[in-house]
Amino acid sequence: MKDREEIPYKMIQLIRGFKDILPGETELWRHIEKVAASLFEDFGFKEIRIPVMEKTELFARSIGEDTDIVEKEMYTFPDRKGDLITLRPEATASIVRSYIQHKLYASDPVRKFYTIGPMFRRERPQKGRYRQFYQINAEVFGVGSAYIDAQLIFMLMNLFSRLSVTDTEAHINSLGCPVCRPNFRTAISEFLSSKTDALCADCQRRSSRNPLRVLDCKVPTCREAVTDAPSVLEHLCPECAEHFDILKTSLKNLDVPFVTDKRLVRGLDYYTRTTFEIQTGSLGAQNAVAGGGRYDGLVKTLGGPDIPAIGFAIGFDRLTEITGLKASDFEQKPDVFIAALGEKSQSKALEWACALNMQGIKAETAFGDSSLKSQMKRADKLAAPYVLIVGDKELEEGAVLLRNMATKEQVSVPLDNIVETLKANSLK
Ligand code: HAM
């Protein structure tokens with residue numbers, strides 16, 4: 001083995017498509033999390049936290065074997081015993097698994113959950129598209145009515161406006177149900193049979209097995225080939241058509257603008273009836289900032305009872321890129337800087353800083369033997385509104401100087417009960 005000394009210290013970079021969220025950015029992320037959690041809780045949602053890894057089978061069965069996510073994008077590997085596990089590409093499947101596994105439906109099938117966390121998809125990284133990205137998810141179980149679909153979209157759009165997001169548009173569609181979907185599939189398959197040559201290899205394979213996936217393909221030739229494809233909306237059964245009508249009327253009544261988008265089939269197989277996406281013009285090619293829909297069959301498919309559900313996920317990274325808010329609006333600054341000169345004062349500064357910190361006051365001190373000038377410079381750099389100046393003389397006289405950095409005014413403050421005095425007089 002090489003001696004440690006001989007190994008050159010090469011910098012290790014993060015994995016492609018992964019990123020750090022640094023101080024200066026985290027303030028905005030935390031603000032968004034707080035606003036989302038508070039709004040969702042007002043609408044009756046409760047937080048759920050689920051693992052970042054699950055058995056691969058969970059995602060394959062729910063998202064669908066023919067989807068891009070399952071076919072090409074999952075981080076799947078055998079664990080040390082050879083069982084296939086996957087870093088979650090989305091949260092819905094895990095939340096459904098949890099709802100079933102803990103029989104959360106038993107005492108009350110109507111449950112509303114939200115969760116915020118990282119997802120993993122091995123897509124080609126570009127602006128707005130990462131391999132580890134974050135989602136804010138909301139899911140409702142046990143309500144089949146279209147009114148909840150409207151309420152969810154209302155809540156989502158209002159979250160965006162609370163976060164100063166402009167330039168968004170709600171796109172809605174219906175994908176029908178097991179009663180009407182087969183007719184639509186047949187119509188699409190027939191339509192696609194004359195277009196085989198124009199389709200990419202994936203779509204040629206998918207066109208008979210899962211023709212809806214062809215409508216979602218991003219390859220330009222495929223997109224062109226399906227321009228005149230039949231619309232699912234023309235094939236809805238009366239119940240699905242009524243559901244979609246109620247959704248549209250309710251959105252109008254709630255003053256939520258929307259466009260009906262018959263091309264919106266979404267990239268996951270579990271959807272039934274309502275699907276929606278919030279699209280923005282500010283993000284280039286990655287124009288979906290949130291997506292969701294109804295998945296009435298999924299609880300049953302994953303081994304639970306027959307319970308309807310609907311939800312959405314917001315792309316958190318994309319949201320931070322289009323909000324009008326800035327991290328600097330939420331940046332925390334110290335309340336006071338303690339400039340200490342000499343050994344004794346520095347030791348006192350440590351005590352005071354700790355006592356103030358424990359009482360919720362952001363006190364900073366330099367812990368070094370630098371000049372008053374350089375400590376004042378540091379206080380300025382940190383934008384501390386007050387500086388407490390203490391040297392041997394002040395300690396002896398039993399009073400320290402408190403300088404207001406804006407007015408340059410200085411007052412003498414007695415040493416006894418300095419912490420209380422600071423708290424009461426000037427800071428909070
Ligand atoms: P999705 O459309 O796959 O839906 O993802 C939702 C949102 O996550 C997208 O609209 C986008 O903003 C963001 N997103 C997806 N992939 C990436 C990426 N590689 N980089 C950055 N952001 C990304 C779902 O995941 C469903 N589970 C939503 C849902 C919940 N449906 C029902 N309940």
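Guide: A term to start: a residue is near a molecule or strand if one of its heavy atoms lies within 4 Å of it. This is a predicted model, where local features need pLDDT of at least 70 and side-chain atom pairs count only at pLDDT 80 or more, while totals for chains, interfaces and linings use all residues. Residues are numbered from 1 along each chain as its sequence is written, and side-chain values use heavy atoms, with hydrogens and water left out.
Visitor: Which residues come nearest to the ligand?
Guide: E90, E123, E139, Y271 and A288, out of 27 residues around the ligand.
Visitor: What is 2.5 Å from a nitrogen atom of the ligand?
Guide: An N or O atom in the side chain of E90. For Y271, a side-chain N or O atom is 2.6 Å from a ligand nitrogen. G311 uses a backbone N or O atom, 3.4 Å from a ligand nitrogen.
Visitor: How much of the ligand does the protein bury?
Guide: 96% of the 660 Å² that the ligand exposes when taken alone. Those areas come from the Shrake-Rupley method with a 1.4 Å probe.
Visitor: Which strand gives the most to the shell around the ligand?
Guide: Strand 10, with 6 residues. Strand 6 (132–141), strand 10 (288–294) and strand 11 (309–315) each supply at least two. Strands here are DSSP runs of E, at least two residues, numbered from the N terminus.
Visitor: How do the shell residues divide?
Guide: Into 11 nonpolar, 9 polar and 7 charged. Asp, Glu, Lys and Arg count as charged; Ala, Val, Leu, Ile, Met, Phe, Trp, Tyr, Cys and Pro as nonpolar; the others, Gly among them, as polar.
Visitor: New topic. What domains does the assignment give?
Guide: Domain 1 (25–180 + 236–325) and domain 2 (333–424). The bounds come from an automatic or database domain assignment.
Visitor: How far apart are their C-alpha centres?
Guide: The centres of domain 1 and domain 2 lie 50 Å apart.

Note on methods
A polar contact is a pair of N or O atoms within 3.5 Å; within protein, one must be able to donate a hydrogen and the other to accept it, and residues adjacent in sequence count only if both atoms are side-chain atoms. Helices (H or I, at least four residues) and strands (E, at least two) are DSSP runs, numbered from the N terminus.
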